[in-house]
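Dear colleague,

I am passing on a structure that I would like you to look over before we discuss it further. Please find it here, followed by my notes on what was found in it.

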Amino acid sequence: SQLTNLIELLIVRVNQLEQNILNAQVFVPDDNFESALIQLGYDNVLDNYVLRRDIINIKNLNIERSGISSLSGIESFSSLEQLIVSYNNLSTINVSNNTSLKHLDLMDNKISTVDVSKNTNLEILVLNSNPTISLSVVNNTKLKELYVSGTNISSLSLFNNALLTDLDIGSTQITNIDLKNNTNLDRLLAISPNLSCVTLSE
């Protein structure tokens, strides 16, 4: 019937569209980022592009110590749950599309600000040794571990992070912090000349 033919045609069109999306190229302008992907087997030619089909299912990506200055293209890694990019040269990072992220390690970069408001599944965030001046984890209610030592953060609200077990705020600009709501906290590292008040209870 005409309806059956129409449905079959629609299915063919949808399949074609899916193939087009998978075969689409993702722009990766940083050669060191692409080289790291090549070393891991997710790409084969250094040409500033990777195929979406080759990265769309990656859950864990460790590209630390790779000399990366830009992670442009990371937004297409839609299945990413763990991203480790410590010891690179990143000054900015955009992970707003990586909503499956559970573990983000940015230690020892040049990041001054990071937006994790869309990363509501985040459980571990490592920002140690960055010039970061502001951070909001208000939306990250699943957060269990937060490390911000050696940053320039001067205030931090942890009221919404009741699951937090590990917190490192050593050598920051934080002068006082309220931990009344963080009753699961097991480990607190707070060696800092600026910290004068830690509130643990009413």
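Helix α2 is followed by Gly-41, whose phi is positive, near 90°; helices here are DSSP runs of H or I with at least four residues, strands are runs of E with at least two, and both are numbered from the N terminus. Before going on, please note that this is a predicted model, in which local features need pLDDT of at least 70 and side-chain atom pairs count only at pLDDT 80 or more, while totals for chains, interfaces and linings use all residues. Residues are numbered from 1 along each chain as its sequence is written, and side-chain values use heavy atoms, with hydrogens and water left out.

To stay with α2, which spans residues 31-39, Phe-33, Glu-34, Ala-36 and Leu-37 are buried in this helix, where buried means under 20% relative accessible area, exposed over 50%, and partly exposed in between, with a 1.4 Å probe and protein chains only. These residues lie on the same side of α2, because they cover an arc of only 155° around the axis, the arc being that of the directions from the helix axis to the C-beta atoms. The buried residues of α2 pack against β2 (49-51) and β3, with contact taken as heavy atoms within 4.5 Å. At the start of the helix, a side-chain oxygen of Asp-30 comes to within 2.8 Å of the backbone nitrogen of Asn-32. For polar contacts the criterion is a pair of N or O atoms within 3.5 Å, of which, within protein, one must be able to donate a hydrogen and the other to accept it, and residues adjacent in sequence count only if both atoms are side-chain atoms.

Turning to the sheet, seven strands form an open sheet in the order β3-β4-β5-β6-β7-β8-β10, with parallel pairing; two strands pair if DSSP finds at least two bridges between them. The edges are held by β3 (60-62) and β10 (187-189), each with a single partner strand, so one side of each is left without a neighbour in the sheet. Neighbouring strands of this sheet are turned by 5° against each other on average, direction ignored, the axes being lines fitted to C-alpha atoms (for helices over the stretch in contact) and the angles running from 0 to 180 degrees between N-to-C directions. Three bridges in the parallel sense pair β3 with β4 (residues 82-84), and Gln-82 in β4 is the bridge partner of Asn-60.

The largest nonpolar core has 45 residues, of which Phe-33, Leu-61, Leu-71, Leu-83, Leu-125, Leu-135 and Leu-146 touch the most other members. The largest share of this core, three residues, comes from α2. Such a core is a set of buried Ala, Val, Leu, Ile, Met, Phe, Trp, Tyr and Cys residues joined through side-chain atoms within 4.5 Å. Leaving aside neighbours within four places in sequence, Leu-135 is in contact with Val-114, Val-116, Leu-125, Leu-127, Leu-146, Val-148, Ile-153 and Leu-156.

Some loop residues also deserve a note. Asn-119, in the loop between β5 (103-105) and β6 (124-126), is buried with a relative accessible area of 0%, and its side chain reaches the backbone oxygen of Val-95 at 2.9 Å. Not counting residues up to four places away in sequence, Asn-119 touches Val-95, Asn-98, Thr-99, Leu-101 and Asn-140.

Most residues other than glycine have a negative phi. Asp-108, in the loop between β5 and β6, has a positive phi of about 60° and is partly exposed, with a relative accessible area of 33%.

Finally, strand β9 (residues 176-178) contains Asn-176, which counts as partly exposed at 46% relative accessibility. The side chains of Asn-176 and Thr-175 are joined by a polar contact of 3.3 Å, and, apart from neighbours within four places in sequence, Asn-176 is in contact with Leu-195 and Cys-197. Asp-178 also has its place in β9 and is partly exposed, with a relative accessible area of 37%; its side chain makes a polar contact of 2.6 Å with the side chain of Lys-180.

With best regards
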